[in-house]
Amino acid sequence: MRLYMEPRPRGPSTRASSTVLLCVLCALACLARPGSGCPAACVCNQTDADCGGRGLTSLPQLWLLPATTRSLLLPNNRLASLPPSAFANLSSLERLDLSNNYLDNLPAGLFRPLANLSSLSLRNNSLRGVERELLQGLSQLRRLDLSLNGLSAVPLGLLDDAQDLTWLSLAGNRLHALERAAFEPLANLQSLRLGANPWECDCNLRDFKHWMEWLLYRGGQVDGLECTLPKDLRGRDIRGVPIEMFNYCLQLEDENGGGGGAGGSSSSRGSGSSPPCNRGGNVGPSGGPPSPNPSEASGGAAGVVATDALPDCVKQRYRPVSVRRAIGTVVVAGVVCGIVCIMMVAAAAYGCIYASLMAKYQRELKKRQPLMGDGDADTDPEDKQISSVA
């Protein structure tokens with residue numbers, strides 16, 4: 001005999017609990033899914049998020065922003081620090097404004113997830129230094145504003161990934177000198193702002209002056225770079241200082257074994273400054289160019305040194321355009337001087353020939369004078385009297 005049991009109908013309480021459970025699951029799913037809304041302190045749409053001027057001391061819930069967000073504005077707040085993964089879910093971001101905050105330290109690789117970022121503003125913060133890897137991965141960056149901070153150096157390698165940068169501002173910092181090797185990757189740079197810095201126009205700035213002349217030669221723009229030291233150059237724009245005034249740097253390098261004199265003051269900038277190029281110990285045995293052998297570059301005192309330990313500035317660099325122009329000027333001047341010398345020789349030869357011909361003519365003329373005197377003696381005295389009266 002088969003027993004058959006009918007299912008018991010669900011009561012009202014069972015249906016209510018199922019509904020509540022379903023609502024809770026939906027809410028959790030919405031919270032767990034990023035890009036589902038906008039932070040409370042921001043004004044957003046599908047592509048822009050404006051969180052500026054809200055007095056924020058910490059970042060809003062940026063994970064709520066849509067994945068299509070292209071512009072994030074966070075200026076005029078009170079942000080003092082940022083977590084390393086602050087922008088992890090904003091891979092489509094193209095513009096980021098963090099100006100007018102209190103940021104004093106930024107984690108290395110903070111902007112690495114922002115592969116499409118083209119404009120970054122860190123203007124008017126409290127940055128005393130930046131990590132070399134800060135801009136790593138920003139291959140699309142076109143505009144970078146680091147003005148009005150407290151930067152005393154630009155580390156080597158900071159701009160290596162930003163080779164398409166066209167506009168850069170370092171105005172209003174505490175920069176005394178800049179390493180040319182740090183800026184050589186910027187082949188597409190069009191505008192550079194360097195004003196309002198305490199520049200020391202000595203040997204430490206010589207190589208960067210060469211690079212700056214190259215930038216100006218290819219049509220780039222550089223604002224005023226006014227010297228504060230030495231005293232005889234105070235107030236002058238280094239762009240107008242002749243490169244010949246830096247010739248003493250070569251003498252100092254020779255006297256100090258290939259660069260110790262030029263880099264002496266650079267070592268006193270502080271531990272945060274980068275090792276200068278073509279100065280210090282990275283020179284050849286006789287003070288010449290750096291040796292390709294790492295053990296020779298160290299002078300043999302420390303044995304074999306790993307290649308990675310060498311600074312980036314030992315790489316072969318192009319000759320400055322100012323030097324190439326100087327060589328061209330010398331060649332043209334030599335050709336002109338040669339032509340002038342040939343003309344002078346030709347004029348001297350012509351003068352000599354003319355003088356010899358005139359001397360020969362005078363000699364012949366003197367030979368003919370006695371004959372003319374004899375002819376006068378044969379004339380009648382009356383004719384002489386008439387001629388005298390006439």
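## Helix α3

The buried residues of α3 are R206, D207, F208, K209, H210, W211, M212, E213, W214 and L215, where buried means under 20% relative accessible area, exposed means over 50%, and partly exposed lies in between (1.4 Å probe, protein chains only). That makes ten of the twelve residues of α3 buried, and the helix is mostly covered. Helices (H or I, at least four residues) and strands (E, at least two) are DSSP runs numbered from the N terminus.

The end C-alpha atoms of α3 are 17 Å apart, which agrees with the 16 Å that twelve residues should span at 1.5 Å a residue; the expected span is 1.5 Å times one less than the number of residues. Just after α3, G219 takes a positive phi of about 100°.

## Basis of the model

This is a predicted model, in which local features need pLDDT of at least 70 and side-chain atom pairs count only at pLDDT 80 or more, while totals for chains, interfaces and linings use all residues. Residues are numbered from 1 along each chain as its sequence is written, and side-chain values use heavy atoms, with hydrogens and water left out.

## Overall make-up

The protein has seven helices and eleven strands. Of its 390 residues, 35% count as buried. The accessible surface comes to about 22900 Å², and carbon and sulfur atoms hold 57% of that surface; accessible areas come from the Shrake-Rupley method with a 1.4 Å probe, and for residues only the protein chains shown count as cover.

A contact means heavy atoms within 4.5 Å. Among contacts in the protein with a separation of 6 or more, 54% are between residues 24 or more positions apart.

## Nonpolar core

In soluble globular proteins, nonpolar side chains tend to be buried together. A nonpolar core is here a set of buried Ala, Val, Leu, Ile, Met, Phe, Trp, Tyr and Cys residues joined through side-chain atoms within 4.5 Å. The largest such core has 69 residues, and L72, F87, F111 and F183 touch the most other members. The elements that give two or more residues to this core are α2 (180-183) and α3. The largest share, five residues, comes from α3.

Leaving aside neighbours within four places in sequence, F111 is in contact with F87, L96, L98, L106, L120, L134 and L138.

## Disulfides and other cysteines

A disulfide is a covalent bond between the sulfur atoms of two cysteines; here it is assigned to a pair of cysteine sulfur atoms within 2.5 Å. The structure holds three disulfides. In the pair C38 and C44, the sulfur atoms are 1.9 Å apart. The torsion about the S-S bond of C38 and C44 is about 60°, so this disulfide is right-handed. C38 is partly exposed at 31% relative accessibility, and C44 is partly exposed at 26%. C42 and C51 form a disulfide with their sulfur atoms 1.8 Å apart, and this link is right-handed, with 105° about the S-S bond. C42 is buried, with a relative accessible area of 9%, and C51 is buried at 0%.

C201 and C227 are joined by a disulfide with an S to S distance of 1.8 Å. This link is left-handed, with -95° about the S-S bond. C201 lies in the loop between β9 (199-200) and α3 (206-217) and C227 in strand β11 (residues 227-229), so the pair ties together parts that are 26 residues apart in sequence. Both C201 and C227 are buried. C337, by contrast, is in no disulfide, and the nearest cysteine sulfur, that of C341, is 6.5 Å away. C337 is partly exposed, with a relative accessible area of 46%. C352 is exposed, with a relative accessible area of 55%.

## Backbone exceptions

Most residues other than glycine have a negative phi, and most peptide bonds are trans. The peptide bond from L229 to P230 is cis, with omega near -5°. P230 is placed in the loop between β11 and α4 (247-255).

N76, a residue other than glycine, has a positive phi near 55°. N76 is in the loop between β3 (71-73) and β4 (95-97), and it is partly exposed with a relative accessible area of 45%. L148 is not a glycine, yet has a positive phi of about 55°. The loop between β6 (143-145) and β7 (167-169) holds L148, which counts as partly exposed at 35% relative accessibility.
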